[in-house]
Each structure stands twice: as structure tokens, then as C-alpha cells.
Amino acid sequence: MARESPPVFFFFFFSCFGAISRRQCDKYKTGVIDGPACNSLCVTETLYFGKCLSTKPNNQIYLGIWDNLPGVVKCQMEQALHLDFGTELEPRKEIVLFDKPTRGTTVQKFKEMVYSLFKAKLGDQGNLSELVNLILTVADGDKDGQVSLGEAKSAWALLQLNEFLLMVILQDKEHTPKLMGFCGDLYVMESVEYTSLYGISLPWVIELFIPSGFRRSMDQLFTPSWPRKAKIAIGLLEFVEDVFHGPYGNFLMCDTSAKNLGYNDKYDLKMVDMRKIVPETNLKELIKDRHCESDLDCVYGTDCRTSCDQSTMKCTSEVIQPNLAKACQLLKDYLLRGAPSEIREELEKQLYSCIALKVTANQMEMEHSLILNNLKTLLWKKISYTNDS
């Protein structure tokens, strides 16, 4: 049966971009949705869908061209992303019909809706009103100083998606892809030249038949030079800083695999997929008191793990490993292979200290900052006088 699935996917992907366009444009033309990408998609036809990057039909991802600028087009296929605790993150099938806000909703009422959503996702923080105002600025796609009902419906649908929210929160950060525009629950983000940490990307059909051990060997062969790897690694450490106790709370990286990271032609790290980076408050609320038999039942994505309290058979809410430890685990082999001999021992020592970090340890935040700064300093010192810096 497994061999029959690729043709099904090929057919789905081949026909799906047309379905996305029709779905969005029908709603745009009837005034249900609006956004800065709608006119280009539906009227001037200057937003083009290119190569399909998806591996699952419920998250459609395409390379695209918008007004001659390359981008990545993402659409959730009217399925809102909910947390499902298992080895994979799968959106449950819940239709988003752009039914909120309703006609007659005032701007003040919409702001209250957004504030309540942020309070549930991010926790009760004192600066949420600032974030609400930022969202209204982003929602005003035509920059006429007002948020129309269609723009509000589009913004509300997109705010259910953690990646969209992160792009807004971190819009001024170097390692977050820029949001180019949106139309309904379709959004366009900055394109990244290299879409894998290791610099090699294969069609997903080929990936199915490559043994994991051989794939790891291939990855190592196609990495950039060590100074360039060091610069990319510094970018990941800086992104960890961005999401660790940022302006609107802490976000947890729940899949730190190489396929979610990329870099540009200057070897600056860029995140290419942030769908599995979730607000800590949101995750804790959803996982606490979940029934469990073992710690394996208390996992979100691949990397966010809590423990199972055997006395109550419920998951605890504290994630065991911080983002930095997971990033260092990913970077260990990447950085040690080809590392200059004069820093290899110190680099290995710092990486293993980083991997050993636990959220529950005393003075974790102080250790976190110290290890992160030591690693960045060590790497920068080695490459600061090279062209790669």
C-alpha cells in the first residue's frame, strides 16, 4: 500500500493549487476575506504558485512569485492547527469558515477578541495591548488606516496559527522570515535560498527510500565550510535568544530538526518552518493533567517532553529540556565535524554542557545565558577575521 501513496499525493498537489486559488478568490470577491495578497491573487494575477513543497495534504506549501519577488506560499486548507500529542503534529479536521468576527463587530470589540486570544495563548502579560495594536497594523493590508471586516476575518483565521503569530512578534528579527502578505488563511513569506541546515534537499519521494544512516552521511558531505557552519550556528543561537523570554513570553521549539532551518547566500540562518514553535503558556495549559502511562505519553511534536506523574497518572506541565539544549544537540555533530583543532576540545565541552541543561535545574536561566554567550563568543572569535563573518 505504501508504494501507491505517491501518485495520490502527486495528483492532490497537482490539482490543489487551483482549488486554493478558487477558494480564496470566491471569498474575496464576495467580501468575506481581504488582505494585501488578494488583489494580486485574484485580479491582477501577479501571485503565482510554483513548485509544491508539501508532504501532507492539510498543509499546502508552494514556492511562489509575487510581483516578481520570490516567496513561499502557505495555506492551511481550512483546517485550524490544534495541539495533538504524539510523535507527529497533525492538524485535526476543524473547518475555519471565516465566521469571526461577525458583521457589525466594532474595532474595539475585535481588539477585545484578539486580546482574549492572546491571553489564552501567551498568558496574562502586561504588554498584550501593544501586541493587539501591532496586529491591527498588520491586518490593515491596504494601509488606509482602517481594518475592514474582510481584513479582520483574515487576521483572525491567521492568528490561530503559531507561525503567523511568531512572524508578527519577531518581524524585526534577523532570523525570522518576513511576512510579505496574506489573503484569508493563505500567507506569503520570504523565500530562503537554502532550505536545509545541511545544504542538500531532495524530493520527498526519494527521501522515502533513503536509509536514515545513509542520509546522515550524505548530510555531512554536503555541509558548507566550517567557518560558514559556525556563522549559521550562531544564527540558531541568536534565534533561541529571540524566542526565550521574548517581549510576549517564552516560545518552545518542539521540532528542532535540520529540515526546519535554512540560510541565505550570506550564511545567515533563517527559519523556514516555525509551525512547531508554540507558546509555553499554551502548551502547559493543554498538556497538564493529560492521562499518561509513561513519559512517552507526554510528548508534543518530537522535542517538547514533560514527565508522567506515576502517582496521579497525569502529565506534568514543565517541559524538561530548554530550547538551547535541543539546539546544541542538533549542532553537536554539525559543528564538531571539521572544527579547527585549537578549539575543538573547548567547543565539545561547551556543547555537552549545553545539551545537559534542564529546565528544572536551579538558576537555569543564568546557566542558559552563560552557556549561550560562551558558545557565541567562542565561535565568533574563530571566524571574526574571515570573509565568512
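This is a predicted model: local features need pLDDT of at least 70, side-chain atom pairs count only at pLDDT 80 or more; totals for chains, interfaces and linings use all residues.

**Entry: a tyrosine to begin with.** I started at Tyr263, which counts as buried at 3% relative accessibility. Next I looked at the ring of Tyr263 beside that of Tyr267: the centres are 5.5 Å apart and the planes are at 25 degrees, so I noted the pair as stacked. Tyr267 is buried, as is Tyr263.

**Entry: other rings.** How many aromatic pairs does the count come to? I found five aromatic pairs. Tyr194 and Tyr263 form a stacked one, with 4.7 Å from centre to centre and 20 degrees between the planes. This pair links distant parts of the chain, 69 residues apart: Tyr194 is in the loop between strand E5 (186-190) and helix H7 (204-207), while Tyr263 is in strand E7 (residues 261-263). I also checked how Tyr194 sits, and it is partly exposed, with a relative accessible area of 28%. Elsewhere, Phe164, Phe182 and Tyr187 are linked into a cluster by ring pairs.

**Entry: the chain as a whole.** I then stepped back for the totals. The protein chain has 13 helices and 13 strands. Of its 389 residues, 51% are buried. I also looked at contacts in the chain with a separation of 6 or more, and 64% of them are between residues 24 or more positions apart.

**Entry: two helices side by side.** Two packed helices are described by the angle between their axes and the distance between the axes. I looked up both values for helix H3 (residues 107-122) and helix H5 (residues 149-158): the angle is about 5 degrees, and the axes are 12 Å apart. Angles under 35 degrees count as roughly parallel, and H3 and H5 are therefore roughly parallel to each other. Which residues of H3 and H5 meet? From H3 I listed Phe110, Met113, Val114 and Leu117, and from H5 Ala152, Ala155 and Trp156. The residues of this contact of H3 with H5 divide into seven nonpolar, no polar and no charged.

**Entry: a histidine in a helix.** I moved on to His368, which is in helix H13 (residues 364-383). Is His368 buried or exposed? His368 is buried, with a relative accessible area of 2%. Leaving aside neighbours within four places in sequence, I found His368 in contact with Val240, Phe244, Leu324 and Leu357.

**Entry: an alanine in H9.** Ala233 is in helix H9 and counts as buried at 1% relative accessibility. Not counting residues up to four places away in sequence, Ala233 touches Leu331, Leu335 and Leu379. I also looked up Ala233 and Lys376, which are 143 residues apart in sequence and 8.6 Å apart in space, C-alpha to C-alpha.

**Entry: a glutamine in a loop.** Gln321 lies in the loop between E13 and helix H11 (323-336). Its relative accessible area is 23%, so I put Gln321 down as partly exposed. Leaving aside neighbours within four places in sequence, Gln321 is in contact with Lys326, Ile355, Leu357 and Val359. The C-alpha atoms of Gln321 and Ile355 are separated by 8.7 Å, and these two residues are 34 residues apart along the chain. I notice that Leu357 is named for Gln321 and also for His368.

Entry: Most residues other than glycine have a negative phi, and most peptide bonds are trans. With that in mind, I went looking for exceptions. The peptide bond from Lys100 to Pro101 is cis, with omega near -10 degrees. Pro101 is in the loop between strand E3 (69-75) and H3.

What is the phi of His245? His245 is not a glycine, yet has a positive phi of about 50 degrees. I located His245 in the loop between helix H9 (226-243) and strand E6 (251-253), and at 42% relative accessibility His245 counts as partly exposed.

Met313 is not a glycine either, and has a positive phi of about 55 degrees. Met313 is in the loop between strand E12 (308-309) and strand E13 (314-315). At 22% relative accessibility, Met313 counts as partly exposed.

Notes:
Residues are numbered from 1 along each chain as its sequence is written. Side-chain values use heavy atoms; hydrogens and water are left out. Axes are lines fitted to C-alpha atoms, for helices over the stretch in contact, and angles run from 0 to 180 degrees between N-to-C directions. Helices (H or I, at least four residues) and strands (E, at least two) are DSSP runs, numbered from the N terminus. Angles under 35 degrees count as roughly parallel, over 145 as roughly antiparallel, 65 to 115 as roughly perpendicular and the rest as oblique. Contact means heavy atoms within 4.5 Å. Ala, Val, Leu, Ile, Met, Phe, Trp, Tyr, Cys and Pro count as nonpolar, Asp, Glu, Lys and Arg as charged, and the others, Gly among them, as polar. Rings of Phe, Tyr and Trp (its six-membered ring) pair if their centres lie within 6.5 Å; planes under 30 degrees apart count as stacked, over 60 as edge-to-face and the rest as tilted. Buried means under 20% relative accessible area, exposed over 50%, partly exposed in between (1.4 Å probe, protein chains only).
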